[in-house]
Amino acid sequence: MSKQMHKITVNIDGVRKNAARAYNSLCRKLNESLSAEKVIHIDAEDIEQDMANLRIFLIGICCLYVEGDPKFTDVSEGIEFEVFNDENEQQHKEGRV
C-alpha cells in the first residue's frame with residue numbers, strides 16, 4: 001500500500017498585508033512623535049496595539065515552512081518573542097487595568 005501525499009496551498013497574503021499595515025501605523029505614530037531634536041515622545045499605550053499586532057504576525061510568519069525544503073524551514077524554535085510593555089500586559093491579564 002502506498003502512502004498518498006496531499007498538496008495544500010496556503011495563501012498568506014492577508015498576514016503579510018496586515019504586518020505591513022501594523023508596521024506603517026507604528027512608523028506613522030513614531031514619526032508624528034519625533035521632536036525637532038530627533039527624540040521620540042510617545043506614550044507606550046499609543047503603540048501597544050501596533051506592537052502586539054506585529055508580534056502576532058511575526059510569530060505566524062516564523063512558523064511557516066515547507067516540509068523537506070531546507071531553504072524554507074520553521075524558524076520559530078528557539079526564538080523568544082518579547083512582549084512590548086510587558087508590565088502593562090500583565091496588569092491587563094490580572095484585571096488591574
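Analyst: Of the 97 residues of the protein chain, 15% count as buried; buried means under 20% relative accessible area, exposed over 50%, and partly exposed in between (1.4 Å probe, protein chains only). This is a predicted model, in which local features need pLDDT of at least 70, side-chain atom pairs count only at pLDDT 80 or more, and totals for chains, interfaces and linings use all residues. Residues are numbered from 1 along each chain as its sequence is written, and side-chain values use heavy atoms, with hydrogens and water left out.

User: How many helices and strands does the protein chain have?

Analyst: Helices (H or I, at least four residues) and strands (E, at least two) are DSSP runs, numbered from the N terminus. Here the protein chain has three helices and zero strands, in the order α-α-α from the N terminus on.

User: Which residues form the largest nonpolar core?

Analyst: A nonpolar core is a set of buried Ala, Val, Leu, Ile, Met, Phe, Trp, Tyr and Cys residues joined through side-chain atoms within 4.5 Å. The largest one has six residues: Ala 19, Ala 22, Leu 26, Ile 47, Leu 54 and Phe 57. Helix H1 (13-32) and H2 each supply at least two residues of this core.

User: Where is Ser 76 placed, and is Ser 76 buried or exposed?

Analyst: Ser 76 lies in the loop between helix H2 (44-63) and helix H3 (86-93). Ser 76 is buried because its relative accessible area is 16%. Contact means heavy atoms within 4.5 Å; leaving aside residues up to four places away in sequence, Ser 76 touches Cys 62 and Cys 63.
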